[in-house]
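Here is a walk through one structure, taken step by step. Keep the sequence and the 3D view open as you read.

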Amino acid sequence: MSTSGNMLKTYPQDLGRIDEAKLTACIDACVECGQACTACADACLSEDSVAHLTKCIRTDLDCADICELTGRVLSRHTGYDANLTRTVLETCATACKSCAGECERHATDHEHCRICAEVCSRCEQACRELLASLG
């Protein structure tokens, strides 16, 4: 079990109706995606022809920030606000979709973009699955 799953199990209060497996998967996906997007942006900056990667770098960094924020929000349950959680998940899914699309444009030339696109797509899916389970 992941660290986030272990931490959720230690929460002293009832988590309510939230699907714990989907919540854990989403937190893990957000953390992974934040790291992948940060690494992809850094790799893009190290490419010889960085000028054509400007939008990719910006999209990577925006997605990384949003994923990291989403993972932190999902990790907090005291004073839980369902509307805020839904909004953050929607924003994260949108950022991941955008980043995956941008990275896919460069995937044949840059392996880091291919990997990042895959991770972003998985994170988008995890966000949408958790959203759907919230009702």
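Begin with S4, which sits in helix α1, residues 3-9. Helices here are DSSP runs of H or I with at least four residues, strands are E runs of at least two, and both are numbered from the N terminus. The model is predicted: local features need pLDDT of at least 70, side-chain atom pairs count only at pLDDT 80 or more, and totals for chains, interfaces and linings use all residues. Residues are numbered from 1 along each chain as its sequence is written, and side-chain values use heavy atoms, with hydrogens and water left out.

Is S4 buried or exposed? S4 counts as buried because its relative accessibility is 13%. The scale calls a residue buried under 20% relative accessible area, exposed over 50% and partly exposed in between, using a 1.4 Å probe and protein chains only. Leaving aside neighbours within four places in sequence, S4 is in contact with T24, I27 and D28. Contact means heavy atoms within 4.5 Å. With D28 there is also a polar contact, side chain to side chain, at 2.3 Å. A polar contact is a pair of N or O atoms within 3.5 Å; within protein, one must be able to donate a hydrogen and the other to accept it, and residues adjacent in sequence count only if both atoms are side-chain atoms.

Move on to I18, in the loop between α1 and α2. I18 has 16% relative accessibility, so it counts as buried. Not counting residues up to four places away in sequence, I18 touches L23, L130 and L134. E104 is 86 residues from I18 along the chain, and their C-alpha atoms are separated by 33 Å.

A pocket is an open set of points on a 1 Å grid over the protein atoms alone, where a 1.4 Å probe fits and protein lies on both sides within 12 Å along at least five of seven lines; lining residues have an atom within 4 Å of a point. How much space lies in the largest pocket? About 180 Å³. That volume is the space filled by probe spheres set on the points, which are joined across faces, edges and corners. Helices α4 (82-104) and α5 (111-134) each supply at least two lining residues. By class, the lining has 5 nonpolar, 3 polar and 2 charged residues. Here Ala, Val, Leu, Ile, Met, Phe, Trp, Tyr, Cys and Pro count as nonpolar, Asp, Glu, Lys and Arg as charged, and the others, Gly among them, as polar.

T85 belongs to helix α4. T85 counts as buried because its relative accessibility is 5%. Apart from neighbours within four places in sequence, T85 is in contact with L74, Y80 and L134.

Now turn to the largest nonpolar core, which has 40 residues. Such a core is a set of buried Ala, Val, Leu, Ile, Met, Phe, Trp, Tyr and Cys residues joined through side-chain atoms within 4.5 Å. C33, C63, C120 and C123 touch the most other members. Two or more residues come from each of α2 (20-46), α3 (54-74), α4 and α5. Take C123: leaving aside neighbours within four places in sequence, C123 is in contact with A29, C30, C33, C67, C92 and C96.

Last come some residues with higher accessibility values. S75 is in the loop between α3 and α4, and at 42% relative accessibility it counts as partly exposed. A polar atom of the S75 side chain lies 2.7 Å from the backbone oxygen of G71. R76 is found in the loop between α3 and α4, and its 52% relative accessibility counts as exposed. In helix α4, S98 counts as partly exposed at 43%.
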